[in-house]
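Welcome! Please look over the sequence and the structure shown here, and keep them in view as you read.

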Amino acid sequence: MASSTPSTPPSVPAPTNDGEAASSSGTVYVTDASHPIFKHFETALNADGKTTENRRCCYCGHTFNGGMTRCAQHLAEWNKLRRRDVTLSTAVTQDVRDGVKALYEARIREREGKREAEEQALSAVNGCGSGKKGRITNFFGDESACRKKEADRALCLLFAGLRLPEHHADHVLFRNAVSAIARAGTSYVPPKRKYIGGAGLRDCRTSIEAALVPISSSWRRSGVTIASDMMTDQNGRPIANVLLINDSGAVFTDAVDTNMEMKTGGYIAGILRPIIQRVGPENVVAFCMDGGSNYAAACRILIAEHPHIEHVPCATHVLDLLMEDIGRMAWAKEVVEKANIITSFVRKHHLTRNYMRSDKVEGGKGKQVLKPAGTRFGTQFISVSRLCEVRMSLTQLVLSEEWARFADGGRKPGSEAFSAAILDSDWWTKALQFVNLMRLPFMAMRATDSSAKGMMGRMYDLMLQLTVDVDEKLEEARLEGLTAADANAIRRMVKRRWDGSMACPLHVVGRILNPANQEEGIFPSDMECTRVFKAFIARHYEDKEFMRDGEPIRATLVMQDGLDAFITLKGSFGLPTAIADRAAVKEGRQSMARWWQWHGSDYPELAALACRVLSQPVSAAACERNWAVWEAVHTAKRNRLGAEKCRDLVYVSHNWHQVHNWHKEDGGSLVLPGCSSEAPVPTGYNLEDDLEEEEGEDLVMEDEYQ
């Protein structure tokens, strides 16, 4: 049997100081002697000179983050330690492997013995056993130790019996509920389902409505955008949701069952009119919806009634349509069709799926081909880009002995088309062109789909940069075989979608009033932006007057003076704090609307316009996220939910997260009206021990686009 003491590791890089070694990247590594397993690694130091969990193997030089379990896995491949994201060192001798295994097994036995001793001490409480009290018993007391153990077991049974994911135990709602039950005392009896789905749900909705007051109060100062979308629920009912969105959050306000109705522009306008009156027409800045003809007609009807409201096309939807336009071209269609053949074949057969996970795969191990749902944006790009990532793995598959047996000389249905597509080098060249080109609108779409604030001030520049980047990629693709006709067709598609589908004066106004663009000279050097901005000011302020020094002055002149001061850094715009905060806006550390609130005091009228414009979204993606809440609530097992109850459940779930996020950004904690803020800190858990025990059971996240 091999010795339990591993052999001495080879020499490390030349030390730069006492026991320290520097890598080529400048990171300083030191020897960690806290455990025999760590002697085979060097530990990196942070900027403060403290050790981190970044380790470098003394045998092969491999670096990774992790504790003792990962270190043991790297040195000794052992079933109990197997992890997909840790590679096995090939430079370690067998005696070192055996020694590390022995050390780790001894550590596990020691911890199991310690756990058994603690359980025996607990069982001795209140006549449950005999013997002296253990460490945990002394900490909790005789009676509370048994009660805690019983409560823990009941909660574990709850999660296992109802098939709840374990990470829900870390959610703030679960923690708050357990704390509230503990404060209620032993006489507390949980409510029945009738109360939870009836009066209790209505009470929660009332509390959420009260908690939304800080967000709704921002609508008077920053304005709000009304967004709406339609979907079909689990029972085939067409539902139209309505959200109120600005930088403070996206509030779900209503959902209408449109069954047995003609979804015309007039009907949709009738749904939105009560929302406008409830919010106040003066607080509504824009409508943001997809490009459906009925929604466009509804916007025209409502804008005729309220001329100060603008129509902002959903940028995410328009960019997705641009990607679909490119995907319908002949060369792109060929790429997508073959990609679908490869993806369908891999996902259909167990051998192909298992081979992608096996140790035989080099480059891309553990990555599976993706076939996103049809409702996802950018599905073609997601699918083809993943195939390019795992090309080496797929090539190894069709050249392997397992494939020869599986395909059975081409008699397996679809095997010949699959192998031909994998070995077609011309198709891979076109697929790479497709991915490089489609990545540009896809990343722009991701930017508009995010919850980042101030996108209205960056949208125009984002599309300008997109056109420049597309031109560069098309020139590169021309050198690789893309025809001039196809390149010109793509340029026309980009221009048509931007000038036709996405044209919006608020994009121009936001670009000019963006503090990060203050010195760029956009106004008046950019003639098109200057024309649109002047037309916007004339349309909204032509018949208005502002009071200055007790005398009325035309609003257009006041706005022009404010814009001149903003561009030339006069007054409060030229203060050192304003210039410093402008850099913070450019880096994303401060919102554009907040900058205007702080530094626009000399020109309050222009500052009010800037806050209202820069606080609006450029996308109705929040409506799509709201549909995800509907799908989580109205599942196949709860298909008998009525529309009203389903609406209340979605209202509570969606808006609770909005209020929670708002309080997190504000630096406070969320306390719903009628609820106590006294939440006792959970005791009795050694968090470090728990994390160390479960080090080999990390959450395995799904693929990003799956």
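This is a predicted model: local features need pLDDT of at least 70, side-chain atom pairs count only at pLDDT 80 or more; totals for chains, interfaces and linings use all residues.

Residues are numbered from 1 along each chain as its sequence is written, and side-chain values use heavy atoms, with hydrogens and water left out.

**Strands**
- Strand 10 (residues 284-289) pairs with strand 11 (residues 310-313) in the parallel sense, over four bridges.
- Pairing here requires that DSSP finds at least two bridges; helices (H or I, at least four residues) and strands (E, at least two) are DSSP runs, numbered from the N terminus.
- Across this pair, F287 stands opposite H311 in strand 11.

**Helices 19 and 21**
- Helix 19 (residues 455-479) packs against helix 21 (residues 505-512) at an angle of about 100 degrees, with the axes 6 Å apart.
- Axes are lines fitted to C-alpha atoms, for helices over the stretch in contact, and angles run from 0 to 180 degrees between N-to-C directions.
- Helix 19 is therefore roughly perpendicular to helix 21 (65 to 115 degrees).
- Contact means heavy atoms within 4.5 Å; M456, G457, M459, Y460, D461 and L464 in helix 19 meet L506, H507, V508, G510 and R511 in helix 21.

**Helices 23 and 24**
- The axes of helix 23 (residues 527-541) and helix 24 (residues 555-568) come within 9 Å and cross at roughly 140 degrees.
- Here F533, I537 and Y541 in helix 23 meet A555, T556, M559 and L563 in helix 24.

Notes:
Angles under 35 degrees count as roughly parallel, over 145 as roughly antiparallel, 65 to 115 as roughly perpendicular and the rest as oblique.
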